[in-house]
Amino acid sequence: MLPYRTIADAEAALGRGLTRAEALWLGYSAAKSDYFLYCHNILFLFLIFSLVPLPTVLLELARRPAGFDRFKIQPKVRLSSAEIFKCYRDVMKMFFLVVGPLQLVSYPTVKMIGIRTGLPLPSFWEIAAQLLVYFMIEDYTNYWMHRWLHCKWGYEKIHRVHHEYTAPIGFAAPYAHWAEVLILGIPSFLGPAIVPGHMITLWLWIALRQIEAIDTHSGYDLPWSPAKYIPFYGGADHHDYHHYVGGLSHSNFASVFTYCDFLYGTDKGYRYQKKLLEKMKEELRSGDSTRDLKAD
């Protein structure tokens, strides 16, 4: 809860006028407890899990209109509406039994590490820098934890649940064993713990991380995706290969970027497959050109 209730009180405390964003934040949060603000994460996660996967899921249900098959990474796999609904139902069950309660009880830890709710608000560049740090920390630590989950014990006891979808859809991003939800939640928390920021930054971090996970599990490699312009971003094509290979996979463990897989040699199978596919495409193009010449 903010120590001031009016704009005049806030401006006096800061020694300057409030920005438009700060005035809006004051108006919304002044009378609300920090715990209540933190619990907004539950609503944000529910909306993200429910709405963000819908565009590609609807493509799947529509049996992929003409022209979209070429964007589907595993075009021969078609999930029924019953299978898609079961995935969403199981994700929501995990949300209400594990994710939501975990958010409710984790506030003391968030308070301890120094996440703040007051004024001034962080600048755009401060938020962007912290989010970049969070993504880098999460990506590196998630890589090793994910790799551990592919050892014999980790996979058979925990991670195999997530790999039930060998051709993933957006709803399958958070589909996992409850223990995996807890284990892979640690990398997401490490960034804010090491570089604590404002509650708004934490909201953005949690939202963006889940949106990114849904994107990489979408099953579609869409050429107009803004993620195409992010350096070293893996995307759906990179992670889809990990699901395609399945439990035997020792490839493409990274959650966001590709540099760990490159540095530690865990993308060799993926790169080899890409070369083979490119060679096949070139041979097909060459064959088409030869037939055209003969026809002339």
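The charged end of Lys32 lies over the ring of Tyr28, 4.1 Å from the ring centre; a charge sits over a ring if NZ of Lys or CZ of Arg is within 6 Å of the ring centre and within 35 degrees of the ring normal. The model is predicted, so local features need pLDDT of at least 70 and side-chain atom pairs count only at pLDDT 80 or more, whereas totals for chains, interfaces and linings use all residues. Residues are numbered from 1 along each chain as its sequence is written, and side-chain values use heavy atoms, with hydrogens and water left out.

Rings of Phe, Tyr and Trp (its six-membered ring) pair if their centres lie within 6.5 Å, and planes under 30 degrees apart count as stacked, over 60 as edge-to-face and the rest as tilted. By this rule there are 20 aromatic pairs, including the two tabulated here.

| Pair | Centre distance | Plane angle | Class |
|---|---|---|---|
| Phe44 and Trp203 | 5.3 Å | 80 degrees | edge-to-face |
| Phe46 and Phe96 | 6.3 Å | 50 degrees | tilted |

Because Phe46 lies in helix α4 and Phe96 in helix α6, their pair ties together parts that are 50 residues apart in sequence; helices (H or I, at least four residues) are DSSP runs, numbered from the N terminus. Phe46, Phe49, Phe95 and Phe96 form one aromatic cluster.

Buried means under 20% relative accessible area, exposed over 50% and partly exposed in between (1.4 Å probe, protein chains only). Trp203, at 13%, is therefore buried, while Phe44 is partly exposed at 25%. Buried residues of α4 include His40, Leu45 and Phe49.

Methods:
Helix = DSSP H or I, 4+ residues; strand = E, 2+ residues; numbered from the N terminus.
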